[in-house]
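Have the viewer open as you read.

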Amino acid sequence: MSSIESVKESLFTDAFTKNPYPAYTALRGQEPVFRVLLPDGNYAWFITKYDDALEALKDQRLIKDYSKLDDSASENKSIFSENMLFADMPEHRRLRGLVSKAFTPKMVAEMRGRIQEIANELLDKMEGKEQVDLIDAFAFPLPIIVICEILGIPAKDRDKFRVWSNSMIEGANGEHAASATEHMKDFVAYLGKRFAEVRENPADDLISKLIIAEEEGDQLTEQELYGVVSLLIIAGHETTVNLISNCVMALLAHPEQLELLKNKPELIHTTIEEALRFNDPVEFSTSRWAGEDLEFKGKRMKKGDLVIVILNSANHDPSQFDHPEVFDITRQKSKHLAFGKGIHTCLGAPLARLEGEIAINSFINRFPECKLHADKNELVWRPGMIVRGVKKLPITL
């Protein structure tokens with residue numbers, strides 16, 4: 001077996017999950033676009049180089065709506081798939097336009113004060129403790145509280161949303177599929193009831209705005225509401241959890257960078273961008289399929305072939321980033337792909353950045369002597385091919 005074949009064989013091992021970057025370096029250098037057997041038994045094309053990744057993310061020959069390729073898929077569509085993430089033009093423009101009317105930059109900017117309050121309340125609860133799991137105490141609750149408040153979800157139901165959103169992510173891994181199915185039934189029932197309540201008594205929350213949002217006389221259907229709300233929960237919560245925890249991990253592993261941020265808190269903007277590049281909370285792009293027989297970088301892809309961009313590999317490509325293995329919070333104009341590119345660029349990027357900036361500066365300011373209370377090689381990473389983050393992050397305060 002050649003060395004590159006052994007690298008491919010290692011792609012879904014625990015060792016790879018802990019540190020995938022040496023494998024990505026080998027793949028970019030020897031076979032930057034390649035076909036591989038996934039753990040679920042399907043084959044996929046992986047794209048690892050930055051320029052190729054950028055091109056693929058913008059290539060509309062690579063489609064997001066699989067039902068265009070398979071009529072039965074249209075009949076068996078998940079209730080959560082009716083959103084812009086799984087739509088192609090012109091349907092994507094329609095859905096994104098309707099959601100954009102409710103999820104505005106102004107709304108995000110006005111959240112700054114409330115996000116700071118939430119961060120302070122969580123940090124207050126950590127005071128006096130010698131050690132905490134940062135994810136359980138801070139990185140997880142902060143974004144779930146934020147997105148629930150934005151959506152208008154009552155405080156008493158937040159814990160349910162935490163379970164449901166986690167199930168959506170890890171259910172994709174197979175071993176959690178049974179419990180995920182039950183959780184999704186509960187989630188659908190809850191949202192159906194909530195939509196009915198909001199229609200009777202609309203308020204100023206995002207679900208109310210999504211229900212009444214119109215574009216040229218068009219509105220979201222009930223199925224699309226399920227899809228959009230589930231997408232906002234995952235994109236507005238799960239990824240931010242890992243942005244916060246991955247950023248703290250990187251700072252603790254690079255104490256000189258942590259000291260620099262303590263002394264120059266104005267570097268928080270470039271710190272967040274570097275954290276997104278260095279250990280992207282979204283490891284792989286969501287699925288695309290070849291909408292036709294096509295050639296991409298000398299590889300012949302057949303109609304219906306699954307195509308996945310490895311975002312973390314692209315973000316470590318030395319052709320785009322000087323010394324990509326170095327975590328440098330002063331790095332300027334980082335064109336990382338953490339939020340994707342093209343028509344599917346993440347709509348919630350401004351909110352994720354704002355939450356990350358407030359969370360990291362607030363935590364470092366409150367607990368400047370914090371340390372990792374574990375061997376970093378013993379940290380357990382979350383399963384699946386979507387998010388990149390650890391299950392627990394023990395911190396000494």
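How many bridges join S1 to strand S2, and in which sense do they run? Five bridges join S1 to S2 (residues 43-47), and the two run antiparallel. Before going further: this is a predicted model, where local features need pLDDT of at least 70, side-chain atom pairs count only at pLDDT 80 or more, and totals for chains, interfaces and linings use all residues. Residues are numbered from 1 along each chain as its sequence is written, and side-chain values use heavy atoms, with hydrogens and water left out.

**The sheet**

Strands here are DSSP runs of E with at least two residues, helices are runs of H or I with at least four, and both are numbered from the N terminus. Two strands pair if DSSP finds at least two bridges between them. On that basis, five strands make an open, mixed sheet in the order S1-S2-S8-S5-S3. Its edges are S1 (33-37) and S3 (62-63), each pairing on one side only.

S2 also pairs with S8 (residues 306-309), this time in the parallel sense over four bridges. Some bridge partners to click on:

| Residue | Bridge partner |
|---|---|
| Phe34 | Phe46, in S2 |
| Arg35 | Trp45, in S2 |
| Ala44 | Leu306, in S8 |

The hairpin of S1 and S2 has five residues between the strands, and there Gly41 takes a positive phi near 95°. As for burial (buried is under 20% relative accessible area, exposed over 50%, partly exposed in between, with a 1.4 Å probe and protein chains only), four of the five residues of S2 are buried, so S2 is largely enclosed by the rest of the structure.

**The core**

A nonpolar core is a set of buried Ala, Val, Leu, Ile, Met, Phe, Trp, Tyr and Cys residues joined through side-chain atoms within 4.5 Å. The largest one has 90 residues, and those with the most contacts inside it are Phe138, Phe161, Leu210, Ile360, Phe363 and Ile395. Helix H14 (residues 222-253) supplies the largest share of this core, 16 residues.

Contact means heavy atoms within 4.5 Å. Leaving aside neighbours within four places in sequence, Ile395 has contacts including Val132, Leu134, Val248, Leu252 and Phe363. Glu130, Lys371 and His373 are also among them.

**Arg162**

Arg162 sits in helix H11 (residues 158-170). At 26% relative accessibility, Arg162 counts as partly exposed. Not counting residues up to four places away in sequence, Arg162 touches Asp136, Phe140 and Ile144. For a distance check, Arg162 and Gly342 are 180 residues apart in sequence and 30 Å apart in space, C-alpha to C-alpha.
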